[in-house]
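Subject: Structure handover

Dear colleague,

Please find the structure below, followed by notes on what was found in it.

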Amino acid sequence: MKPKVEAKLATLPARPGVYLMRDGEGRIIYVGKAKLLTNRVRSYFHGRIENPRTAAMVARVDDLDYIVTDSEVEALVLESNLIKEHHPRYNVSLKDDKRYPYLKVTVNEMFPRAFVTRRFERDGGRYFGPYTDAGALRTTLESLRKIFPIRSCRWPLPHRRGARECLNFHLGRCSGPCHGHISEADYRAMIDEMLLFLEGRTAGIEKRLEERMQRASESLDFESAARWRDQLAAVRKMSQRQKMHSPGGADRDILAVAVDGVDGCGVVLKVRDGKLIGREHHYLQNRLGESTEAVLAAFITQKYFSDREYPPEVFLASEAPEREIIEQVLSESAGRRVHVRVPERGEKAALTAMAERNSHLLLEELVLQRAKARQRVPEALLTLQKTLRLPRLPRLMVCFDVSTIQGAYAVAAMSCFRNGQPAKSGYRRFRIRSVEGQDDFAMLQEAVGRYFARVAAGEIEPPTLVVIDGGKGQLGAALETVRKAGLENIPPLIGLAKREEEVFLPGESDPYVLSRRSEALRMLQHLRDEAHRFAVGYHRVVRTRETLATRLEEAPGIGKARSRALIVAFGSAEAVGKASVEQLMEVKGISAELAAGVLELLNGETENGEQDAQDA
């Protein structure tokens, strides 16, 4: 799992919304919706994925983003908008792009009608929606006609009409305006009341349906009660109006900021052609501790003066100082009027509230990630990165050291620290085989070259900092070898000289001298001392092993061939000395007499394994 993804998973909110998965190049490769973002998104990365295509998609995810909504319905429509906008590779491509349905009220007619349509036209009618559940919309429209007996016919009243009243009139579902059973004023008043309901003021109708359901239930008319129950559920489902798509809406940006001490987060919701198509956010530094309003004003000017994209309307979640002046400046820059407003009610205010919630959630995510990072990362690493101007935090550091006696028994060792602590599983030791004589630079190059050959092959995780025990010469030799290893990205290398504890950087003549009290220097010293300890210990083992092997050849009748056979059989000269005569005799070419001579030479033991009286 990528580090960015792991960090985002820990801070996902338990709210409905839309999540966007991005690849290593920042491209959106998948858009999905969720009732609870935290549960849905984590399910991709925890546990086994049965679908191989989904697994392939998840393997490419390098980062996550999300937009919080107020309901699952809003998430569904926003998901559709984002898919049409970005065309993610792994989303279903809809060849038959059926639009979500609207409810149209022909308020431009003398006796308006209401019907379901999937086509939006600028013809003077009122459109509501889009709605995600067409079935619920049609059921609710039927319920509305029972409460508001509006006509459903297509006669161009009052010019043409049917010969007599229709069946809906006799069933009580039409007020009969075609034959004068209701005046134009009364019909218009009924339409106005229905429009209030469609604008979201459903409390009165829901209350009436609940009363009818209760009365039917009390009179044991369960069939009617079930019908009123279904109509009530349909009304409630339809009343879940969403802000993701406003038919005929203009282009606008919705801005909000959240401030927590010196940290801030600005959010921009982008609405184009009435559709919410995306969200961008910017983390802010509020060093002077200014108010939220002042930070919002600064965010507005910095954002629009940098990207030069000026929508006709900019909605703010709160009042900003000198808003009129900001509006004037933006209008002059855009060459047309740009309205900067703070909506107080309705759908626009709901959008600003959603932007504000997103800004607070993103700021909480930033603060939480910083707190976790401080807990995991010692201050010494942060100091080291800042002092040495390292491009990345040195979470994985390695140090190389060479140990030899005038070129004999030459070995090298590497210590490894992860997050400032020794990682013993990452320690490595190297037997130097290609260097003859006392050449510390060549020995160091052999060890470094062998290690980074495995790094280049992808067998070992690349370090974020390489420390060489030595000065400019050792550092230059190691850097030359690393550059030949074929790495895409060469990690930073530094040299740590023992005498003055100076830090050398490639290409810089003067060393860095860290304070003796610096925790960063102490960490480097600990890393270097571990490499030295590991190298000296390995050198001692090699020297002892080879000394015993040389002594083994001095035993009567044991030359290089039989000495080699014994070491191959037992692993080392020490193990040979601890074996019995019978065990030694199992090796081809070793008789009882030769075995006794070997044991006597190595540890003075007799054939029976008891100590010789002379040695006692």
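Glutamate 501 sits in the loop that runs between β17 (493-497) and β18 (502-504); strands here are DSSP runs of E of at least two residues, and helices are runs of H or I of at least four, both numbered from the N terminus. This is a predicted model, in which local features need pLDDT of at least 70 and side-chain atom pairs count only at pLDDT 80 or more, while totals for chains, interfaces and linings use all residues. Residues are numbered from 1 along each chain as its sequence is written, and side-chain values use heavy atoms, with hydrogens and water left out.

Glutamate 501 counts as buried because its relative accessibility is 8% (buried is under 20% relative accessible area, exposed over 50%, partly exposed in between, with a 1.4 Å probe and protein chains only). Its side chain makes a polar contact of 3.1 Å with the side chain of glutamine 525 and another of 3.0 Å with that of arginine 528. A polar contact is a pair of N or O atoms within 3.5 Å; within protein, one must be able to donate a hydrogen and the other to accept it, and residues adjacent in sequence count only if both atoms are side-chain atoms. Apart from neighbours within four places in sequence, glutamate 501 is in contact (heavy atoms within 4.5 Å) with Leu496, Arg516, Leu521, Gln525 and Arg528.

Glutamate 365 belongs to helix α12 (residues 346-376). Glutamate 365 is buried but has no salt bridge, and the nearest side chain of opposite charge, lysine 8, is 4.2 Å away. A salt bridge needs a side-chain nitrogen of Lys or Arg within 4 Å of a carboxyl oxygen of Asp or Glu; for charge, Lys and Arg count as positive and Asp and Glu as negative, with His and the chain ends not counted. What does the side chain of glutamate 365 make a polar contact with? The partner is the side chain of tyrosine 66, at 3.0 Å.

Helix α11 (residues 323-334) has 12 residues, which should span 16 Å at 1.5 Å a residue, and its end C-alpha atoms are 16 Å apart, in agreement; the expected span is 1.5 Å times one less than the number of residues. The buried residues of α11 are Arg323, Ile326, Glu327, Leu330 and Ser331. They lie on the same side of α11 because they cover an arc of only 135° around the axis, taken from the directions from the helix axis to the C-beta atoms. Glu324 and Glu332, on the other side of α11, are exposed. Glycine 335 follows α11 and has a positive phi, near 80°.

Regards
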